Amino acid sequence: MTPVFRRLTAGAVAVLLAGSLAACSDDPNSIGAQANKGDSKGYVAGDGTIEQIGSGERGKPVSLSGKLLDGTQWSSDQATGKVVVLNVWGAWCPPCQEELPHLQKAWTGWQDSGKPVVMLGINQRDSVQRAQAMLDKFAISYPSLAEDGGRALLSLQGKVRAYPTTLVLDKQHRIAARVSGEVTESTLNGLVDDVLKSS
């Protein structure tokens, strides 16, 4: 998958040089500065690439912890034996906003059906107030970790290279699937179902 991301990054640089608008990126310098301004300019997003990892090829379990937007502590230990869906997002990122309704519909469906699935947002580069306001706008009911200076991203084994990124962890909390870019409800349901079957 590395060549795909390399080509994506090269294309993004060309777009930036041309002065055009593109999508979101994880560049901590110029792109991050623009993101903090909230002006939606010059950022690179994932292109929707989907990666599924076979059970025998998955890495070590992800161990994730941090403070939620409401101030309570969260740990992946609280999701023992469940599939975990992680969505890395920012209120400054339009593609992140576009997919929020899809994420909420998927989450509601898992809850209604009683599937052993936990969903968690991982906010980047927003104040608690700004992040919560965005979630309120879209009536998002699943929790989200607050901005923590990138510490949460370090737990994700280098799998987050663009915004938004959604990861599906199997019941052992190993990364089983990734979507780099916007994800739809149907795509996410398919990925989660595949992981549940393989578990």
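In which strand is the place of Asn123? Select Asn123: its place is in strand β6, where a strand is a DSSP run of E with at least two residues, a helix is a run of H or I with at least four, and both are numbered from the N terminus. The model is predicted, so that local features need pLDDT of at least 70 and side-chain atom pairs count only at pLDDT 80 or more, while totals for chains, interfaces and linings use all residues. Residues are numbered from 1 along each chain as its sequence is written, and side-chain values use heavy atoms, with hydrogens and water left out.

**Stop 1: around Asn123**

Asn123 counts as buried because its relative accessibility is 0%; buried means under 20% relative accessible area, exposed over 50%, and partly exposed in between, with a 1.4 Å probe and protein chains only. Now display the side chain of Asp126, with which the side chain of Asn123 makes a polar contact at 2.8 Å. A polar contact is a pair of N or O atoms within 3.5 Å; within protein, one must be able to donate a hydrogen and the other to accept it, and residues adjacent in sequence count only if both atoms are side-chain atoms. Leaving aside residues up to four places away in sequence, Asn123 touches several others, including Trp89, Ala131 and Leu145; contact means heavy atoms within 4.5 Å.

**Stop 2: the sheet**

Select β5 (residues 83–89) together with β6 (residues 117–123): these strands run parallel and are joined by seven bridges. Two strands pair if DSSP finds at least two bridges between them. Val88 has Ile122 in β6 as its bridge partner.

**Stop 3: β10 and its partners**

Six of the six residues of β10 are buried. Four bridges pair β10 with β2 in the antiparallel sense, and Glu51 stands opposite Arg178. β9 is also antiparallel to β10, with five bridges, and here Thr166 stands opposite Val179. Select His173 next: this residue lies in the turn of the β9–β10 hairpin and has a positive phi of about 65°.

**Stop 4: the whole protein**

Finally, select everything. The secondary structure comprises six helices and 10 strands, and buried residues make up 48% of the 199 residues.
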